[in-house]
Amino acid sequence: MPDEAIGDLLDQIAEQLGFPVPAHLRAALDAVPRHLFLPPTLWLRDGNGGYEPCDRENDPDRWWRAAYRDAPLVTQFTEGPDGDRVPSSSASMPSVVVRMLMALDARAEHSVLEIGTGTGFNAALLAFLCGAGNVTSLDVDPGLTSRARRALQASGQQPDVVCADGAGGWRPNAPYDRIIATCSVRTVPLPWLEQTVTGGLLVIPWDTPWCNFGTLIATKQADGTAEGVLAPYGAFMLMRAQRVDVELHRDVLRDGQNPALSVTELSPWSVAGTDLDAQLHIGLRVPGTWHAWDAEVEAAHTRLWLADDEATSWAAVDYDGRQLSTFAVAQYGPRRLWDEVVHAYEGYVAAGRPGVARHRLRISPDGDGPGTRHHVSLS
């Protein structure tokens, strides 16, 4: 059954790619069966926006189909501060795994640092491609690293798995020819930049509070910076060290808050709808700003909320349920967030509605702190 299932998975991946899986990655996928890295219980979409368990013992056929489908699989939940259970680990979509490994171009004798061991599947593929002694994989979750080590041992691929905060990289095995992350970031941690050799590659899923989409493929430069493009794939959980607790200001009638009122002709669906190119562009141009839709407000049929990471500024854009030519806007705080979004969207349109791949990032050490900063340009 595994051989047949792996063959079917390779066909699914090829369909997503638009071409056959490259031979060296096909060999890796053949040698590293995905099911070895999955827990007995998977959490599958229930069709209603939630998840339902799929147990290997009680429903083996469904479990096996899920294991070899080209889809991400939630493998662990964690209870959040509000008591809700949220996904905290997953097995990435295999076709995205292949795309990222193609971008990484990791070959025999390359030293590789992986941030985010997760199930251990990607670490096993890297060990097959580069040699287990050349691969270091980090994860902050001790439960995940323990399970990954057992799965890796069963697979015959045993890279160096370390339980540590990936934001710091791993200096004992540095420098690295390649760094790959299986979590997204909003800024590249400085140790990743420092621990990559000149000419080395970094493949890192990108995130902004506005839009979680895109993967940075960057080359380390001789001056200590890194430059590269964003690729149009990848939506990963944000690295724990960069998660921010944000209070979304929903109550425009709070004491002392007098929002500025106006109207806009820009539809909120244009900037927070199905256009991922627009959303990514806005996320890069309007830093530290996120949004949420709300259909349960008395003052409007539908409302788009905006707030900043500092929880000091907010905006609300209201649709009255009748006409789509103008929308009511309320803005409060030191930033006029909706005005910033409108300006970014006008720039997006003026630039010819650039796709994700036209966005270039230059990563450099932040002279004012211990992190990095990024500069965005269009190619």
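This note walks through salt bridges and strand pairing in the structure above.

1. A word on the model: it is predicted, so local features need pLDDT of at least 70 and side-chain atom pairs count only at pLDDT 80 or more, while totals for chains, interfaces and linings use all residues. Residues are numbered from 1 along each chain as its sequence is written, and side-chain values use heavy atoms, with hydrogens and water left out.

2. Let's start with the salt bridges. The term means a side-chain nitrogen of Lys or Arg within 4 Å of a carboxyl oxygen of Asp or Glu. By this rule, the count is 10 salt bridges.

3. One of them joins D141 and R240, with 3.4 Å from N to O. D141 sits in the loop between β6 (135–139) and α6 (142–155), and R240 in the loop between β11 (226–231) and β12 (260–264), so this pair ties together parts that are 99 residues apart in sequence. The helices (H or I, at least four residues) and strands (E, at least two) are DSSP runs, numbered from the N terminus.

4. How exposed are these two partners? Here, buried means under 20% relative accessible area, exposed means over 50%, and partly exposed lies in between (1.4 Å probe, protein chains only). D141 counts as buried at 13% relative accessibility, whereas R240 is partly exposed at 41%.

5. Next, look at R303 and D318, whose closest N and O atoms are 2.5 Å apart in a salt bridge. R303 belongs to strand β14 (residues 302–308) and D318 to strand β15 (residues 314–319), so the pair ties together parts that are 15 residues apart in sequence. Are these residues buried or exposed? Both R303 and D318 are buried.

6. D320 and R322 also form a salt bridge, with the closest N and O atoms 3.4 Å apart. D320 is partly exposed, at a relative accessible area of 31%, and R322 is exposed, at 68%.

7. Salt bridges can also link up: D223, E227 and R362 are connected in a network.

8. Now for the strands, which count as paired if DSSP finds at least two bridges between them. Strand β10 (residues 215–220) pairs with β11 in the antiparallel sense over six bridges, and A218 has G228 in β11 as its bridge partner. The hairpin of β10 and β11 has five residues between the strands, and G224 there takes a positive phi near 90°.

9. Which strand does β11 join through four bridges? The partner is β17 (residues 359–365), and the two run antiparallel. A226 stands opposite I363 in β17.
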